[in-house]
Amino acid sequence: MAGDLSEFVGTSTLLEARPEEGSKDRTMVLNMGPQHPSTHGVLRLVVEIDGETVLNVVPDIGYLHTGIEKTCEAKFYQQVVPMTDRIDYLSPMTNNLAYCLAVEKLLELEIPERAQWMRVLFNELTRLNSHLVWLGTHAMDIGALTVFLYCFREREEILRIFEAVSGQRMMTSYFRVGGLSLEPPLDLFDRIQKLIKIMPERIDQYQNLLTGNPIWVSRLKGVGHLSAEDAIALGVTGPPLRASGVDWDLRRDMPYSSYEKFQFKVPVSNDCDVWARYVVRLDEMRESVKICQQALDGMPSGPIKANAPKIVLPDREQMKTQMESLIYHFKIVTEGFTVPAGQVYQGVESPRGEMGYYVVSDGTAKPYRVHMRNPSFATLQALQTMCAGRLIADVVAVIGSIDIVLGEIDR
Amino acid sequence: MNSTPLGKDEVFEALAENRAIASLQSSLPGAITDAKFDRNELTLTIARDQIRAAAQVVQKAGYNFLEDVTCVDWYPSEPRFQVTYHIVSHSLKERLRLISMVDSVDASIDSIVPVWPSANFYEREVFDLFGVRFHGHPNLRRIMMPDEWKGHPLRKDYPVEGYR
């Protein structure tokens, strides 16, 4: 009786046993992670599915919780800087900047112009670095392996530049309270110039690999819809917020570290999907290149540390020739510096959104409380809204599009 | 640079135009128990039982985006916990800090999840690490620490090395 399927379908126990729609027995619970290649670290998702359709996504976090906020309370103010690198390990300089700005606000310290411009320059390089990792891994999750290799080629040069200024590729700790740690090596600006000269062409290259690719387009377009109202209600910041049509960028709207002196556009899209986030981030990379160029062209000369001997470590030369500098050096290293009592919040635009540091001082040399407001932590709450009703494969695309870093979610 | 912080009365006088202060004073008289303007940041202390209403009022006044909810433990002084809310206005380009003091005998406060759903994770974090409970929170479970963990690590009487 080949060809007559109706008999089999009609009597199939499998089909008859299928519970009705809406019934609890119809769904199953699937664990994604904590060791899943597309969850970018140790994120565990408890996904309730009906067939291939996602009904609920509940993130379970905390696998990477190391109590950084508690540890900060036991350190001197200057000792907290290396801790901040380890929060968002893909954008160390942004973390350093937010923390240093917060403490400088408490101290009411004036930072020399050169240090401010250098901070802007390295922040934008950090943004490029972070977005390159995002693009490579996001494309790899979707199945386009080639882009990853191209992205890491350029990222390697950025990491070499970081190594040249700070001695470290990833955990840079280059910024200090009161300025920068060291004057950069002589040929550094030439190297950065060389890199950002080729960057626009390279970004076009990535775009050529992906934008016209029909698989890439169909995996991204219309997936993970997040309206502007939902984005604001759920605390989403950064590129996902701008991809939902909200024109908000802290660099332009609440400028810090002399960002007001730079000309750049804030890319916004009204498509509200994964595709929009991809387009916004690519445009952001182009704007970052422009900001780097402006910073290189107009880089002021002068000191890189504030004139505050009780807070900023003296130069090595001075320390060996002047008694006073030696004493200050000894005091800062052994006792730290005291910060007037008060509380401040400093938000900066990190590659993932608003990175905020809330520092409370009680007038001693150790912070009374340091709290980090992390963009990924808040954005993760929007996962349910973006994934419900879509396929499991879309969850992977959505996680890639919000660009999470588990280090900053768990802290 | 040395700017002196402004106290309650000075803030009300100097910042009478401020939308948050004006709307809070007109719709919730008495809700602001203290105010401070320090280092260009405005801090308003809100009575504990009025925090949700105050959040609604400032949201209507244009402070549309909740950035952060956290807590500071002022052990051993009472009231011990300072629950802190950072709210930013996209239209006014201004930031506002609301704080509310919670004592240790009844360490609880109203949840603001009905006003801003984004407070969900933040309040769970404060509950987990400080032990402050939030009334009306839809899912008040530990978020960072394991479910069976004893104690609240960010309290000042919790040692950095952990209990031995």
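Q: Which residues does A:F122 touch, leaving out those up to four places away in sequence?
A: In this predicted model, A:F122 touches A:M93, A:I161, A:F162, A:V165, A:Y174, A:F175, A:L188 and A:I192. Contact here means heavy atoms within 4.5 Å.

Q: And which residues touch the most other members of the largest nonpolar core?
A: A:F122, A:L125, B:L44 and B:Y85 do, in a core of 169 residues. Such a core is a set of buried Ala, Val, Leu, Ile, Met, Phe, Trp, Tyr and Cys residues joined through side-chain atoms within 4.5 Å. Buried means under 20% relative accessible area, exposed over 50%, and partly exposed in between, with a 1.4 Å probe and protein chains only.

Q: Which helix gives the largest share of this core?
A: Helix 6 of chain A, residues 113-142, with 13 residues. Helices (H or I, at least four residues) and strands (E, at least two) are DSSP runs numbered from the N terminus.

Q: OK, switching to chain A overall. How many helices and strands are there?
A: Chain A has 19 helices and eight strands. Its C-alpha trace spans about 100 × 45 × 35 Å along the principal axes.

Q: What percentage of chain A counts as buried?
A: 58% of its 411 residues.

Technical notes: Residues are numbered from 1 along each chain as its sequence is written. Chains are lettered from A and ligands numbered from 1 in the order in which they are written. This is a predicted model: local features need pLDDT of at least 70, side-chain atom pairs count only at pLDDT 80 or more; totals for chains, interfaces and linings use all residues. Side-chain values use heavy atoms; hydrogens and water are left out.
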